[in-house]
Structure formats: C-alpha cells, structure tokens
Amino acid sequence: MITEILIFGTIWGAIYTILALGFTLIFGVVRILNLAYGAIYMVASYLIYSLVSDFGLAMIPAWLLAVALTCLVGMALYRIFIVPLRESLGRVLIVTAGIAIFLQEVAVLTYSTEPRYVPTALPGSLAIWGVRVTHQQLLTLGVAVVLLALLHALLTRTRLGRELRAVAQDTEMAALMGIPVERTYLFAIAISTALAAAAGALIAPFLTVSPEMGWSPLLVAFTIVVLGGLGSLWGTILAAFIVAYAEMFTAYAISPQLREAVTFGIMILTLVVRPHGLFGKGIVE
Amino acid sequence: MIRRLAPRYLGLLVVIGGLALLPLWVSNPYVLSVLTLAALYAIFASSWDILSGYIGQLNFGHAVFFGAGAYAAGFLGPHLPALLVLPAGAVAAVGFAFLVGVPCLKLRGPYLSLTTLVFPLILERLAFTFRDVTGGEYGITVDPPLSAMGLYLAALALLLATLMVLLAVAESRIGSTFRAIGDDDQAAMAAGVNATRFKLGAFVLGAALAGLGGVLYAYHLRHVGPEIFSLFTSFAIVIMGIVGGMGTILGPALGAFFLTLLGESLREIETFRVLIYSAVLILCVMLFPQGLWGLGRLLSGLARKSGMLGRARIRSR
C-alpha cells in the first residue's frame with residue numbers, strides 16, 4: 001500500500017504541478033481568478049477523445065492539435081468575455097463560472113453524460129516494487145517533467161518570460177518600461193490554457209472523460225495555490241506533491257470517495273491555520 | 001425607516017397575498033408545485049443576498065445552509081413534532097454558518113467565493129461516504145406533515161416573513177454598515193466598525209432563513225439526498241441572485257421566480273435548461289450587471305422622466 005501511495009502520489013503530483021502553475025499564471029499576471037480553468041481542461045480531454053475516436057488521428061498529433069485548439073478557445077473567451085469586465089474581479093468571477101457551466105452543458109449535449117474512454121498512447125505496463133504501473137502513466141510523468149522544465153526555461157531565459165514576471169510584479173511599472181501589457185496578458189492566458197489542456201490530455205487516457213470532470217482540478221489547483229502561497233514556484237511544486245500524496249493516502253488507506261474531501265479539508269485548514277500558505281504572499285490581504 | 005419601507009411592504013403583501021389566493025382560481029396541482037418551488041428558491045436567493053449583495057462577499061456555497069435545513073428535516077422529522085423541525089433546521093444551518101463563516105472571515109472577494117464553493121462539495125462527499133447515517137446516494141425519504149396546499153401557503157408565509165425581515169435589516173443601520181463594509185472594509189474598520197462581527201452576523205442571518213426554507217424544501221421534494229450539495233444547486237442560487245439584481249433583497253426573489261418559471265415553461269426542452277441558465281447569467285453580467293431589478297428601475301425612471309404622471313409627482317414634492 002505504501003508503494004502505491006508513493007508511486008501514484010508522484011504521478012499525480014506532477015500533473016497537479018502543471019495544473020496549479022497554469023492556474024497561478026493567470027492569477028499572478030492577469031490578476032483574475034478563472035473559474036473556467038477546469039472547463040478548459042475538460043474541453044481539451046473531449047477534443048482528444050473526438051480527434052482519436054471520431055477522426056482516427058494518432059495519439060501524438062491529436063494531442064498537439066487538441067492543445068492548440070483549446071488554446072485558441074481560451075484566448076477567444078478571454079477577448080470576448082474577460083477583457084470588457086476586467087476592472088471588476090467579482091464580475092470576472094461570475095462570468096467565468098457562467099462560461100464553465102455553459103461549456104459543461106455543451107459537452108453534455110454533444111457527448112451525453114456517459115463517460116468516454118480515450119485509448120492509451122502506450123499500451124502495456126510494468127511492475128515497480130510489485131505495483132503495476134502502466135506505460136501511459138510513466139509517459140505522463142515524463143511529459144509532465146519536460147513541460148515543467150520548458151516552463152521554467154521560458155520564465156527565466158526568454159524575453160517573454162521576463163515580461164511576464166515584470167507584469168506580475170508591478171503592472172504599472174512594467175507598462176512604463178514599455179512592456180506591452182495587454183499582449184503579455186494574452187500570452188499568459190495562452191500558456192495557462194495550454195497547461196490546462198496538456199494536463200487534460202495527459203490524464204484523459206487513465207481517467208474517464210465526463211462533462212463535470214473540470215471542477216475537481218480547478219479546486220485542487222486552488223488548494224495548491226492556497227497551500228503553496230502565491231507567487232512561489234517552489235511552494236507550488238511542494239504543495240502539489242503534498243496534496244497528491246495526501247489524496248493517494250486517503251484513497252488507498254481510507255476510502256477513495258473521500259479523496260476530494262481531504263483536499264478541500266487541506267484548503268480550509270490552511271486558511272485557518274496558515275493563511276499565507278507555506279511560502280509566498282498568500283491570498284489573505 | 002418604516003416610511004421608506006412602507007411601499008415595498010405593501011407591494012409585497014399584495015403580490016404574495018395574490019399568490020396565496022391563486023389556488024381559488026387555479027386548482028392545477030402542477031402549477032401549485034412549481035410556485036412552491038419558486039417561493040422556496042426565492043427564500044434561498046434573498047437570504048443569499050444579505051451577505052453576497054450587501055457585503056459583496058459572493059457566497060458560492062449557500063446550499064450548505066438550506067441543505068443543512070433539509071437534512072435536519074430528514075433526520076429529525078420522524079422524531080420531533082413538525083413545529084420543532086423548523087427551528088431545528090434553522091439551528092443546524094446556523095451551526096454551519098459558524099463553521100463556514102469563521103475560516104472565511106479573513107478572506108475577501110474571489111477567494112471567499114472559491115472557499116465557500118468547497119464546503120457543499122465536502123458535505124456531498126461525506127453524505128455519499130457515510131451511507132449508514134445519510135442513506136448515501138439514495139438519501140432519506142421525508143414524510144411531509146403538510147398537504148401540498150398547506151406547504152404552498154407555508155412557503156409563501158415564510159417567503160413574506162423572510163423578505164420583511166431582510167428588508168428591515170437592509171434598511172436599518174445594520175444594512176448601511178453592511179454596505180460600508182462592502183464598499184471598503186478597511187475604511188469601515190477605521191471608523192470603528194467591527195467588520196468581522198458584522199460579516200459573521202450576515203452569514204448567520206442568511207443561514208438561519210435558508211435553513212428554515214430548507215426544511216420546507218425537503219417537505220416539498222419528500223426527499224433529501226446528496227444532490228442538494230451539488231455544484232449546480234449552489235450556482236443556481238447565485239444565478240438567481242445576480243439575474244434578479246444583487247443588493248436589493250427583492251431582486252433575487254424576483255430572479256428566483258423568473259428563472260424557475262422560465263425553466264418550467266421550457267420543460268419540453270428540459271435538456272437545455274442549464275444551458276439557458278448559464279447563458280442568461282453571462283448575458284446579464286455582461287449587459288445588465290444590476291439585474292432585472294435594476295433594469296426595471298431604469299425603465300420606470302425613463303418612463304417617469306418622459307411621462308406626465310412623473311412630472312406631476314415631482315411637482316407635488
């Protein structure tokens with residue numbers, strides 16, 4: 001049981017890190033809380049399903065195409081619905097919640113509530129310390145690590161990364177320094193939706209795809225941000241793994257049904273005991 | 001204060017009294033059932049408004065409170081006389097108001113919204129898991145002590161009482177303090193307002209009224225199950241409040257009637273109900289952030305400006 005918790009906790013920790021980083025990116029740079037974040041992940045999963053099952057694409061092209069299409073959807077939603085409301089955090093919150101429900105219903109009407117299965121890209125499995133791990137799960141872990149390394153390089157080594165960090169630190173000053181803030185926002189949205197889409201695409205083969213699948217990752221991402229503290233990369237990664245191991249411990253040692261309840265318990269406990277999170281500024285003003 | 005409230009109280013009495021007399025002409029049990037549901041949603045939406053609309057702390061988990069009331073009816077219904085179940089529902093909801101309110105007090109804006117969103121989901125999971133107590137996904141069957149007609153009248157009476165209490169609070173000094181905290185809680189605290197206590201007070205007041213409504217809701221459905229804590233149940237209340245017009249008490253009640261009746265009139269295309277709700281929400285936030293109530297005010301203001309009636313009224317002042 002302990003090996004299962006360790007192995008699957010590590011795999012989920014990597015996925016959660018991607019999810020949480022995408023979520024904090026919008027949060028930190030554009031300064032909005034995007035409740036449609038989970039819906040974006042759901043859209044990506046269904047796109048993969050359709051591209052593979054209905055259009056017969058191979059896994060890798062389907063994956064890339066789904067991430068690209070989801071990115072476009074995210075950017076279009078941002079331009080149409082968020083930009084006019086951006087001054088009011090409350091209205092952005094409500095409109096993104098509305099978009100999330102709307103997209104979920106579109107999925108219900110298009111695919112019905114019946115869960116769908118996405119075939120794995122790498123069939124087969126191997127045993128690690130006596131635990132059966134599918135190749136797909138290992139691939140997911142590998143891709144997640146590569147994505148994290150790419151994101152880190154993007155944020156620290158490129159001009160775009162510097163601009164993103166500058167806008168996150170002080171939007172006005174960044175604008176005065178000649179950074180095109182609006183364009184940077186759009187890039188942040190694009191990267192964030194790409195990360196959500198990538199996470200959806202990575203998980204789709206070993207979970208079922210269903211219309212309401214987006215809420216749990218949204219709330220998990222929020223929990224991780226609360227626990228890790230805002231604006232702290234290492235805090236986010238550490239928190240993602242804490243949440244993942246805690247979830248796996250609950251699932252294997254207590255009851256799989258309580259998995260989410262424990263995550264939400266962590267969120268509330270953090271808010272009560274350590275509202276600033278482990279590192280960083282925290283969300284309590 | 002009473003003078004300011006009098007026209008609204010009178011309007012309320014006329015509208016709700018009219019609804020109460022409706023069964024004299026319309027005896028269709030289906031209509032009665034839809035109106036009961038609308039009245040219950042109106043109780044939930046207006047009790048949601050005192051925290052969300054006045055203090056501006058959007059509560060995405062109001063279902064916790066009426067769900068607590070409904071489960072109280074399920075647990076205690078067979079053991080207590082009917083008249084004691086109602087207060088028990090309110091007490092249960094107030095207990096949850098402290099449980100939710102205390103961790104949320106330090107939070108503001110969107111953070112509070114996401115945190116409140118999580119509470120009903122925890123309860124939903126617990127209800128699924130501890131099936132010996134809660135009946136799991138099947139829930140608990142509730143035996144209503146009232147006939148359908150009695151329940152309809154009880155719901156209307158509770159709606160009337162809820163709206164009158166909330167309007168009185170909203171128009172009092174407490175209401176202005178709520179608004180001051182909503183505008184700028186730092187400034188309110190600097191002026192000597194104990195913002196924490198007022199926020200908790202708004203949680204408790206809204207929860208107590210929702211808990212009472214929750215008991216009737218369980219009677220109406222004759223059942224209570226974990227789906228009462230589902231995401232959409234809480235969102236439906238938020239949508240009703242926003243579409244009706246936040247921070248007006250009567251607006252959210254209006255929104256509840258509007259959306260419930262809209263949902264029922266679209267019964268043939270039942271599958272599109274949620275889609276339409278969310279589309280109405282998005283349109284409303286984009287185009288009429290003041291909701292139906294604000295729209296009505298705007299239109300009546302325009303009519304007054306252009307009409308003779310309005311001019312006469314202005315002159316007489």
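Visitor: In what sense do strand 1 and strand 2 of chain A pair, parallel or antiparallel, and over how many bridges?
Guide: Strand 1 (residues 125–128) and strand 2 (residues 131–134) of chain A pair in the antiparallel sense, over four bridges. Strands pair if DSSP finds at least two bridges between them. Helices (H or I, at least four residues) and strands (E, at least two) are DSSP runs, numbered from the N terminus. This is a predicted model, in which local features need pLDDT of at least 70 and side-chain atom pairs count only at pLDDT 80 or more, while totals for chains, interfaces and linings use all residues. Residues are numbered from 1 along each chain as its sequence is written, and chains are lettered from A and ligands numbered from 1 in the order in which they are written.

Visitor: What is in the turn of that hairpin?
Guide: Two residues lie between the strands, and Trp129(A) in the turn has a positive phi of about 50°. Ile128(A) has Val131(A) in strand 2 as its bridge partner.

Visitor: Where else is phi positive in a residue other than glycine?
Guide: Arg31(A) has a phi near 60°, and so does Arg222(B). Most residues other than glycine have a negative phi.

Visitor: Where do those two sit?
Guide: Arg31(A) is in the loop between helix 1 (2–30) and helix 2 (37–54) of chain A. Arg222(B) is in the loop between helix 10 (195–221) and strand 2 (223–224) of chain B.

Visitor: Why does Arg31(A) count as partly exposed?
Guide: Because Arg31(A) has 14 C-beta neighbours inside 10 Å. A residue is buried if 20 or more other C-beta atoms lie within 10 Å of its own, exposed if 12 or fewer, and partly exposed in between, with C-beta atoms placed from the backbone. Arg222(B) is exposed, with 10 other C-beta atoms within 10 Å.

Visitor: Back to chain A as a whole. How many helices and strands?
Guide: Chain A has eleven helices and two strands. From the N terminus on, the order is α-α-α-α-β-β-α-α-α-α-α-α-α. The radius of gyration of chain A is 18 Å, close to the 19 Å from the globule rule for 285 residues, so chain A is as compact as a globular protein of that length. That radius is taken over C-alpha atoms, and the rule is 2.2 Å times the number of residues to the power 0.38.

Visitor: What does the C-alpha trace span, and what share of chain A is buried?
Guide: The trace spans about 55 × 45 × 35 Å along its principal axes. Buried residues make up 50% of the 285 residues.

Visitor: How many residues does each chain give to the contact between them?
Guide: Chain B gives 31 residues and chain A gives 33. Residues are in contact if their C-beta atoms, placed from the backbone, lie within 7 Å. Helix 5 of chain B gives the most to the side of chain B that touches chain A, with 13 residues. That side divides into 22 nonpolar, six polar and three charged residues. Here Ala, Val, Leu, Ile, Met, Phe, Trp, Tyr, Cys and Pro count as nonpolar, Asp, Glu, Lys and Arg as charged, and the others, Gly among them, as polar.

Visitor: At what angle does helix 5 of chain B pack on helix 4 of chain A?
Guide: Helix 4 (residues 89–111) of chain A and helix 5 (residues 109–129) of chain B pack at about 35°, with their axes 9 Å apart. Axes are lines fitted to C-alpha atoms, for helices over the stretch in contact, and angles run from 0 to 180 degrees between N-to-C directions. Leu89(A), Gly90(A) and Leu93(A) meet Gly109(B), Pro110(B) and Ser113(B).

Visitor: Helix 11 of chain B: how many of its residues are buried?
Guide: Twelve of its 14 residues are buried, so helix 11 of chain B is largely enclosed by the rest of the structure. Among them are Leu231(B), Phe235(B) and Met240(B). Gly245(B), with a positive phi near 120°, follows helix 11 of chain B.

Visitor: And which residues of helix 14 of chain B are buried?
Guide: Gly291(B), Leu292(B) and Trp293(B) are buried in helix 14 of chain B. Their cover includes helix 11, helix 12 (250–265) and helix 13 of chain B.

Visitor: Last one. What does Gly101(B) touch?
Guide: Gly101(B) touches Leu200(B) and Phe203(B), not counting residues up to four places away in sequence. Gly101(B) lies in helix 4 (residues 82–104) of chain B and is buried, with 23 other C-beta atoms within 10 Å.

Technical notes
Contact = placed C-beta atoms within 7 Å.
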